[in-house]
Amino acid sequence: MKLFLTFFISFLLRLVLIFYGNWQDEHLQVKYTDIDYIVFTDASRFVAEGQSPYMRSTYRYTPLLSYLVLPSVTANILFGKLLFCVCDLCVGWIIYKMLIQRGVSEKKSIFCSCLWLFNPMIINISTRGNAESVVCLLVLLSLYLVTTKKLILGSLVFGLAVHFKIFPVFYAFPLFFMMNDDYRAKSNKNITKQKENENANEKEQENQKGKEKKKGKGKKNNKKKQNNKEKQQKDQPIIQQNKRSLFKTILHFFNKDRLLFAFLSAGFFFALNILFYYLYGWEFLYETYFYHVIRHDNRHNFSVYFYQLYLSALETQHGSLVSLFAFLPQILLILLFTVKYYKDPIYCCFLNTFVFVMFNKVMTVQYFAWYFCLLPLIVPASKMNIWKPVLLIISWLVTQGFWLQRAYNLEFLGQNTFFSIWAAGILFFLSNLLIITQIIHNHRFSNMFKNGKITKFSFLTQKNNNKKDK
């Protein structure tokens, strides 16, 4: 009952804001609806007329998004917002299910879902008509399916998520490495066969030893034969042995699960891209993917690279170098976190997302939703007391508010506050740096799989053992 009420109230709250936003758009000068929603619906209008969605300038998304919000053109303009709010609820439901799997109590699982469902920033993003909740849903759904061993469907959804927004590609590394022996334990038949073979080998060795004892220890001929056998074994080429062991380790590393995940997700991703390239040509590839790689947006945003890109707006070569350099710390940190934390894949994906957004050359409020959907999944594993996260949230909001105040002076008062916006962006960056270091320092690392099964959080099993001992 509590679960139903939680989701019902969160949906009702979103519904009220959607209708309020529609009223504000009609009666007030400052619009509630996000400009991106207007871009989506305009692109859908072109699709409904049998034309390309890229005829709408600044539409830089997959054509699938314009297809999703087609009823906004054919039925009701609010359909897209309702769709995004439903995606919000689905994300909350997956958060609840994944935490229950890890042994978290129902009460705490509902509380963690509320961190997403009643997050004012998330509610604002969806009700204003931004589509980040669709991406978040695809990401969490793929993680849920892969971790519950529905690998075929999970791989396809992951390929779809990467097609929708390119950033989830960084989740491929922790998911790929996660699929080790602990992820897929050997079947009972294989285990019994291995034991039988081991027992047979032991019996053969015992029989050989018995025969040697019967023949006598002091016979020179037997000693010579043994020495010759040993020499022959030593004379075997070491390189061939190393090649065999290397070949076995490679085969063991590229196991069935990893190959299936790689081929299905990559195959579905490329199949979608080939289809849309056939329909819309080079324009699809450029607007959906390449634009986001080479862009150097000189408009003010939260990124620490903003001011440098603003100053180099007229110098295209210099601006392009800055844009490409911005990827370096992202890639290095993502590789570092993947190697270190892949056995705790949800935590690893959260860290990868956080540093990707934190060091991105363009950072807007919508990007925060990418790691907000993963944050509730690692909250139960944190050692922080109640006051530390409160202080971190305050520092995050205060530095963000300082940036918004300087941006307001630029946009609405016409003041030249570009440098102070950049300074506020640096403060916001330092706040994010403090948050990520505290999350890492206070996280209780826990392997997600053992013997082919999803494990409970390690601290939960320790608590249960302590209770049993008492």
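**Surface, fold and aromatic contacts of the predicted chain**

The chain exposes about 26500 Å², of which carbon and sulfur atoms supply 63%; accessible areas come from the Shrake-Rupley method with a 1.4 Å probe, and for residues only the protein chains shown count as cover. The model is predicted, so local features need pLDDT of at least 70 and side-chain atom pairs count only at pLDDT 80 or more, whereas totals for chains, interfaces and linings use all residues. Residues are numbered from 1 along each chain as its sequence is written, and side-chain values use heavy atoms, with hydrogens and water left out.

The secondary structure comprises 24 helices and two strands, taken as DSSP runs numbered from the N terminus (helices H or I, at least four residues; strands E, at least two). Of the 470 residues, 45% count as buried, that is, under 20% relative accessible area with a 1.4 Å probe and protein chains only, against over 50% for exposed and in between for partly exposed. Among contacts (heavy atoms within 4.5 Å) with a separation of 6 or more, 73% are accounted for by residues 24 or more positions apart.

An unreviewed UniProt entry places a signal peptide at residues 1–18. This span is 94% helix and 0% strand, with its end C-alpha atoms 26 Å apart. The unreviewed entry also carries the annotation "transmembrane region", which covers several spans, including residues 73–96 and 152–177. UniProt positions are given in the numbering used here, feature names are shortened, and annotations may be inferred rather than shown by experiment. Residues 73–96 are 83% helix and 0% strand, and the end C-alpha atoms lie 34 Å apart. For residues 152–177 the figures are 73% helix and 0% strand, with 17 Å between the end C-alpha atoms.

Aromatic pairs number 48, where rings of Phe, Tyr and Trp (its six-membered ring) pair if their centres lie within 6.5 Å, and planes under 30 degrees apart count as stacked, over 60 as edge-to-face and the rest as tilted. The pair Phe-276 and Phe-284 is tilted because the planes stand at 50 degrees, with ring centres 5.8 Å apart. Phe-276 and Phe-284 are both buried. Phe-359 and Phe-429 pair edge-to-face, at 5.3 Å centre to centre and 80 degrees between the planes. This pair links distant parts of the chain, 70 residues apart: Phe-359 lies in the loop between helix H19 (345–358) and helix H20 (368–372), and Phe-429 in helix H23 (residues 418–442). Phe-359 and Phe-429 are likewise buried.

Charges also sit over rings (NZ of Lys or CZ of Arg within 6 Å of the ring centre and within 35 degrees of the ring normal). Arg-102 lies over the face of Phe-457, 4.3 Å from the ring centre, and the charged end of Arg-258 is placed over the ring of Phe-176, 5.4 Å from its centre.
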